[in-house]
Amino acid sequence: MKFIIVFAALFAVAMAGGNPDVQIVKLESDVGPESFQYTAETSDGTYETAAGHLENAGSEHEAIKVTGSYSWVDEKTGEKFTVEYVADENGYQPKGAHLPVA
């Protein structure tokens with residue numbers, strides 16, 4: 001779980017993109033031994049939320065399942081993009097209106 005805490009903190013810094021004009025306006029997290037959730041938002045309209053929990057604890061099929069979404073505003077067009085995803089034993093599965101569908 002330490003990895004998740006560090007990941008959330010680093011993600012919040014990355015969301016700001018190194019732009020000194022972008023500020024973190026919201027950062028909330030709740031990390032437990034078998035689950036986590038966090039929300040981060042920056043002043044440029046970037047937003048992310050995720051929640052994960054341990055499935056099949058103690059078995060050989062133990063895995064973390066994460067659901068979440070992230071969005072950002074394109075600097076040039078002002079268009080907002082959103083990606084919703086699930087990450088589990090089947091890999092990372094994103095969905096978004098701007099993403100191609102097989």
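Helices (H or I, at least four residues) and strands (E, at least two) are taken here as DSSP runs, numbered from the N terminus, and two strands pair if DSSP finds at least two bridges between them. The model is predicted, so local features need pLDDT of at least 70 and side-chain atom pairs count only at pLDDT 80 or more, whereas totals for chains, interfaces and linings use all residues. Residues are numbered from 1 along each chain as its sequence is written, and side-chain values use heavy atoms, with hydrogens and water left out.

**Exercise 1. List the helices and strands of the chain, and work out how the strands are arranged in the sheet.**

Step 1. The chain has one helix and six strands, and read along the sequence these follow the pattern α-β-β-β-β-β-β.

Step 2. The six strands form an open sheet with antiparallel pairing, in the order 1-2-3-4-5-6. Its edge strands, each of which pairs on one side only, are strand 1 (24–31) and strand 6 (91–95). Neighbouring strands of this sheet are turned by 10° against each other on average, direction ignored, where the axes are lines fitted to C-alpha atoms and angles run from 0 to 180 degrees between N-to-C directions.

**Exercise 2. Describe the hairpins that join strand 1 to strand 2, strand 2 to strand 3 and strand 5 to strand 6.**

Step 1. Strand 1 is joined to strand 2 by a hairpin through three residues. These two strands pair in the antiparallel sense over seven bridges, and valine 31 has phenylalanine 36 in strand 2 as its bridge partner.

Step 2. In the hairpin of strand 2 and strand 3, four residues lie between the strands, and glycine 45 in the turn has a positive phi of about 95°. Seven bridges join strand 2 (residues 35–42) to strand 3 (residues 47–55) in an antiparallel run, with threonine 39 facing its bridge partner threonine 49 in strand 3.

Step 3. The hairpin from strand 5 to strand 6 passes through two residues. Strand 5 (residues 80–88) runs antiparallel to strand 6 and is joined to that strand by five bridges, and valine 86 stands opposite glutamine 93 in strand 6.

**Exercise 3. Classify two aromatic pairs as stacked or tilted, and name the cluster to which their rings belong.**

Step 1. Rings of Phe, Tyr and Trp (its six-membered ring) pair if their centres lie within 6.5 Å; planes under 30 degrees apart count as stacked, over 60 as edge-to-face and the rest as tilted. By this rule the count comes to five aromatic pairs.

Step 2. The rings of tyrosine 70 and tryptophan 72 have centres 6.1 Å apart and planes at 20°, and the pair is therefore stacked. Tyrosine 85 and tyrosine 92, at 5.5 Å centre to centre with 40° between the planes, form a tilted pair.

Step 3. Tyrosine 70 is partly exposed at 27% relative accessibility, and tryptophan 72 is partly exposed with a relative accessible area of 31%. Tyrosine 85 counts as buried at 10% relative accessibility, whereas tyrosine 92 counts as partly exposed at 45%.

Step 4. One aromatic cluster is formed by Tyr70, Trp72, Phe81, Tyr85 and Tyr92.

Definitions and conventions
Buried < 20%, exposed > 50% of the residue type's maximum accessible area, 1.4 Å probe, protein only.
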